[in-house]
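Please look through the model below with the following notes at hand.

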Amino acid sequence: MIVLEGCYVATADAAGTEYASGHLAFDAGRITAVGAGPAPDLPGAERIDGRGLLVTPGLVNVHHHLYQWITRGYAIDGTLFEWLTTLYPVWARLDADLVHDSAAANLAWMALTGCTTSTDHHYVFPDRGGDLLEAEITAAQEVGLRFHPTRGSMNLGQSAGGLPPDSVVEDHDAILAATEAAIARWHDPSPEAMVRIAVAPCSPFSVTAELMRDSAALARRAGVRMHTHLAETLDEEEFCRATFGATPVEYAEDLGWLGDDVWLAHCVHLSDAAIARFAATGTGVAHCPTSNARLGSGIARMRDLLDAGVPVGLGVDGSASNESGRMVDELHQALLAARFRGGPLALTARESLRAATAGGARCLGRDAELGTLEVGKLADVAVWRVDGLAGSGIADPVCTLVFGAPTLAHLFVGGNEVVRDGELRTADAESLAAAAGRAAARIAACSAS
Ligand SMILES: [Zn+2]
């Protein structure tokens, strides 16, 4: 049992409950007490002095591509389509060792920036690459994060009018068989699950309509969630209008891809009608403000999405379009992006925190057990240092978290210590960085040859 006390507690619950000097206790993986003042007497508990600390729910990252950690820094001044066509041939060289080393380093970085649950949209499965899903799930188990990888896919290669080269696409039936096998092997529906699988064809310009439809049917049969990229750029909108005679959202709805079991990455270019359909169907949005800015894709309509009641979570997106990849930075970026678009009242600091926690949990279908600090919920907790040079003199610790530069003090996942005193405790960060460096050199050398 661990007790934090004397800390500022931001529960991120629906009422926005906060305690200026409060406590949080957890035991056997679940939160057992949260409130104002000192903790109740709990014999045998380890007590952590919370002075100078802010306690929040662990951050939930709802869109990522972990394999991209070893391909950072490519096509830094290109459009999305230029960036993709530069990187597809590099990614065609992925194998299980590369994916493991990339994912382990990337997930360690996610942990050190406040993330307790991450998804991963993996959609590149080259021939003879080995078991890439197993490689990244192993990495997540080593680092100790709660993990929602997806079995992604691409089957629309260049020869069939798609964007990716034929060498990185798979056959329709092979994709569905591998997806079904991944769910059977890894998906854990229990409330305490550390691993859950979702079904995630890559995007409208890399997947056939038939695969989108069949993937949705498979996911719903198996009772797992669905994820894809949608409405990220104007190039995509033009592609969909020219190819399907529909906007990306109209196309998705026609294929069965709206619903409360679906969350979609980006959704930058949405009409009012599209937002209304998202709200009516309960479709979630993974807002990735840094990546959207890096690729110049535009600014998602976060204010309008929230006002309509659409579930919105935050994502770092793949590291090749967000080289810093710090989860906590997305709170700041979401706020800046919303205000660039809609003025000073477009988003509050608390709304940004809530999107990164409760909103993300809702996108992943885990709002009953994750995303807020409430008794009975899983003990996924981020503890931030808000004193020192970064925060001293700022009266509101949530302001330091969202506008400032807090450092992570501790991170717990299901009550297990992953970060303590700013250091990763589950693995050696330097070894992970060295392995990722070697992997980056190997994939670069492969693709140059
Ligand atoms: Zn993405």
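Helices (H or I, at least four residues) and strands (E, at least two) are DSSP runs, numbered from the N terminus. By that naming, D317 sits in the loop between β13 and α11. This is a predicted model, in which local features need pLDDT of at least 70 and side-chain atom pairs count only at pLDDT 80 or more, while totals for chains, interfaces and linings use all residues. Residues are numbered from 1 along each chain as its sequence is written, and side-chain values use heavy atoms, with hydrogens and water left out.

D317 is one of the residues that hold the zinc ion. The ion is coordinated by H63 (NE2), H65 (NE2), H229 (NE2) and D317 (OD), at 2.1 to 2.5 Å. Donors here are N, O and S atoms within 2.8 Å of the metal (3.2 Å for Na, K and Ca); water is not among the atoms, so sites may look incomplete. The angles subtended by the four donor atoms run from 87 to 173°, which makes the arrangement irregular. Four donors count as tetrahedral if all angles lie between 85 and 135 degrees; four count as square planar and six as octahedral if opposite donors are over 155 degrees apart and all others between 65 and 115; anything else is irregular.

Along the sequence, the spacing of the donor residues is H-x1-H-x163-H-x87-D. H63, in the loop between β6 (59-61) and α1 (80-91), and D317, in the loop between β13 (312-314) and α11 (329-342), are 254 residues apart, and the pair links distant parts of the chain. Both H63 and D317 are buried, where buried means under 20% relative accessible area, exposed over 50%, and partly exposed in between (1.4 Å probe, protein chains only). For D317 the relative accessible area is 5%.

The backbone of D317 has a phi near 65°, a positive value in a residue other than glycine. H266 also has a positive phi, near 85°. H266 belongs to strand β11 (residues 262-266) and counts as buried because its relative accessibility is 0%.

S153 lies in strand β8 (residues 146-153) and is buried at a relative accessible area of 1%. S215, in helix α5 (residues 209-222), counts as buried at 2% relative accessibility.

At the surface, F340 of helix α11 counts as exposed, because its relative accessibility is 71%.
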